[in-house]
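Hi everyone, thanks for coming. Let me put the protein up on the screen, and then we can walk through it together.

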Amino acid sequence: MTPEPTGFAVFDTALGHCGIAWRGDVVVRSLLPVGDADEARARLSTAVPEAAETPVPASLRPVVNGVRALLRGEAVELSDVPLDFSAVPEFHRRVYEFVRTVGVGRTVTYGDVAAALGEPYAARAVGRALGANPFAPIVPCHRVLAANGGIGGFSGPGGVAAKQRLLGVERAHSAQPALFDP
């Protein structure tokens with residue numbers, strides 16, 4: 001059986017150019033915003049070399065529209081977008097599935113994710129998994145913070161500043177109380 005052809009598309013958003021790659025009706029890769037369309041194209045071509053640039057199929061247009069809306073600051077959930085986890089290690093898949101449950105405007109810590117997975121000492125492994133996230137912003141790794149409520153790291157384009165911008169667009173607030181909160 002021959003695998004379905006893979007396509008990709010680059011699209012503009014309020015924060016820059018994003019992209020998705022797909023096989024059939026399943027997303028195999030997505031990109032956080034970058035400065036220009038050519039950079040997004042280059043990143044997708046490198047990540048999914050078998051993909052050809054083509055118009056987004058009708059079945060995946062809601063994904064593109066959802067990412068655009070999210071990056072405009074709308075409370076859009078993308079947790080039902082079908083993702084291809086076939087090349088993702090099991091632990092990473094579990095991390096991504098949990099992080100997809102963190103709602104727009106909410107945050108959790110790396111330790112929270114580890115504890116939710118039944119592996120309370122795996123916060124660093126959670127961070128490594130999120131650093132390798134092939135589905136951002138559909139898997140919203142930017143919603144995961146350091147233990148002290150600090151921003152933590154961010155391996156996406158633009159680094160920590162991009163993470164702060166994404167959280168700002170979502171008007172995110174921590175699930176953890178601040179030091180002087182009642």
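**A walk through the model**

Let's begin at helix α3, whose buried residues are covered by, among others, α4 (110–116), α5 (123–131) and β6 (144–145). Helices here are DSSP runs of H or I with at least four residues, strands are runs of E with at least two, and both are numbered from the N terminus. Buried means under 20% relative accessible area, exposed means over 50%, and partly exposed lies in between, using a 1.4 Å probe and protein chains only.

Which residues of α3 are buried? They are Phe91, His92, Val95, Tyr96 and Val99. Looking down the axis of α3, these buried residues fall within an arc of 135 degrees, so they line one face of the helix. That arc is taken from the directions from the helix axis to the C-beta atoms.

A word on what we are looking at: this is a predicted model, where local features need pLDDT of at least 70, side-chain atom pairs count only at pLDDT 80 or more, and totals for chains, interfaces and linings use all residues. Residues are numbered from 1 along each chain as its sequence is written, and side-chain values use heavy atoms, leaving out hydrogens and water.

The pLDDT is the predictor's confidence in each residue, from 0 to 100. Its mean for the protein is 90, with 92% of residues at 70 or more. Confidence is highest in α3 (residues 90–99), at 98, and lowest in strand β7 (residues 173–174), at a mean of 58. Over residues 176–182 pLDDT stays under 50, and the model has two contacts there beyond four places in sequence. Where pLDDT is low, the predicted coordinates should not be read in detail.

Now to the sheet. It is an open sheet of four strands in the order β3-β2-β1-β4, with mixed pairing. β3 and β4 (52–53) stand at the edges with a single partner strand each, so one side of each has no neighbour in the sheet. Two strands count as paired if DSSP finds at least two bridges between them.

Strand β1 (residues 6–13) pairs with β2 in the antiparallel sense over eight bridges, and a hairpin of two residues joins them. β2 also pairs with strand β3 (residues 26–34), again antiparallel, over six bridges. Follow isoleucine 20 in β2: it is the bridge partner of alanine 9, and in β3 its bridge partner is serine 30. In the hairpin of β2 and β3, glycine 24 takes a positive phi near 65 degrees. As for cover, six of the eight residues of β2 (residues 16–23) are buried.

Contact means heavy atoms within 4.5 Å, and beyond four places in sequence valine 27 touches residues including Trp22, Leu60, Val81 and Phe135.

Finally, the domains: domain 1 (6–72) and domain 2 (90–170), with bounds from an automatic or database domain assignment. Their centres are 21 Å apart, taken over C-alpha atoms. Between them they bury about 1,300 Å², 73% of it on carbon and sulfur atoms. In domain 1, Leu15, Leu32 and Leu70 lose the most area to domain 2, together 49% of what that side buries. Buried area here is the accessible area (1.4 Å probe) that two parts lose on being put together, summed over both.
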